[in-house]
Amino acid sequence: MDKTIALMAVLTILVVLPTIQLVFAAGTDAHEYVNRKVEIWNLFFKMMTIAFTVGAVVSGTLIWLVWRFRESNPNAKPTKYEGTDW
Amino acid sequence: MSGHSNWPEWIYVGVVIVLLAYVGAEAWNVERLVDRAPAEAEVIKVIGQQWFWTFEHADGTKEVGELHIKKGHAYKFEITTKDVNHAFNIHDYVVLQDAVAGRINEVWFAPDKAGEFPIQCREYCGLLHYNMRGTLIVEE
């Protein structure tokens with residue numbers, strides 16, 4: 001049930017986001033032309049913000065993972081797949 | 001696997017899907033805004049050849065090396081070439097489109113500032129490519 005709700009939420013967001021984009025874009029007056037420079041640079045800045053944020057989260061997670069589960073970590077415990085002569 | 005929760009994975013998957021959806025929607029929307037010329041846009045034919053630009057207005061008026069247009073109006077460029085490939089570029093208005101033999105490529109813009117702006121070729125087109133320049137003159 002919970003998974004169904006989560007899946008529905010994701011699907012809703014997938015549909016709702018593009019729709020909101022469309023609705024906002026439709027408000028452009030016929031004589032207020034888009035400024036190419038503004039639109040293109042704004043898109044660039046948004047994409048860079050997302051890219052660097054995701055990059056920081058992913059690389060941070062990996063660095064933490066490697067550090068936390070290194071063999072020399074006193075807290076590291078062998079899994080059942082790694083034998084018994086630890 | 002008792003005592004193990006999959007929720008972090010599901011949240012991660014959800015966040016990735018939402019981000020991708022947002023990125024896709026945003027990029028698609030900007031591309032749509034930038035690509036589609038308004039119906040009232042005046043068509044200007046742009047012909048590139050080694051090593052100058054020729055412009056033909058809707059009323060048949062031709063200009064070479066200079067293009068006179070009006071501020072606040074929308075213009076659609078129909079760009080082609082008579083010889084090798086060129087690229088039509090008005091740097092200050094972020095207008096850039098290839099001029100390819102046998103094709104008519106389109107790009108539109110609406111100048112919001114009066115003044116003179118450089119036009120240049122942005123595809124290496126031979127010995128005098130560096131000098132394949134023009135001037136965009138936007139009048140009030």
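Start with one bridge: Val43(B) has Lys76(B) as its partner in strand β5(B). Strands here are DSSP runs of E, at least two residues, and helices are runs of H or I, at least four, numbered from the N terminus. The model is predicted, so local features need pLDDT of at least 70 and side-chain atom pairs count only at pLDDT 80 or more. Residues are numbered from 1 along each chain as its sequence is written, and chains are lettered from A in the order in which they are written.

Strand β1 (residues 42-49) of chain B runs parallel to β5 (residues 75-81) of chain B, with 7 bridges joining them. Pairing requires at least two DSSP bridges. The open sheet has 5 strands in the order β3-β2-β1-β5-β8 (chain B), and its pairing is mixed. At the edges are β3 (62-64) and β8 (105-109) of chain B, each with a single partner strand, so one side of each lacks a neighbour in the sheet.

Now the helices. Helix α2 (residues 36-68) of chain A packs on helix α1 (residues 7-35) of chain B at about 165°, axes 10 Å apart. Axes are lines fitted to C-alpha atoms over the stretch in contact, and angles run from 0 to 180 degrees between N-to-C directions. The two are therefore roughly antiparallel, a label for angles over 145 degrees. Residues in the contact (heavy atoms within 4.5 Å) include Leu43(A) and Met47(A) of α2(A), and Leu19(B) and Val23(B) of α1(B).

Last, Asp35(B) lies in helix α1 of chain B. Asp35(B) is exposed, at 52% relative accessible area; exposed means over 50%, with a 1.4 Å probe and protein chains only.

Key
Heavy atoms only, no water. Parallel < 35°, antiparallel > 145°, perpendicular 65-115°, else oblique. Buried < 20%, exposed > 50% of the residue type's maximum accessible area, 1.4 Å probe, protein only.
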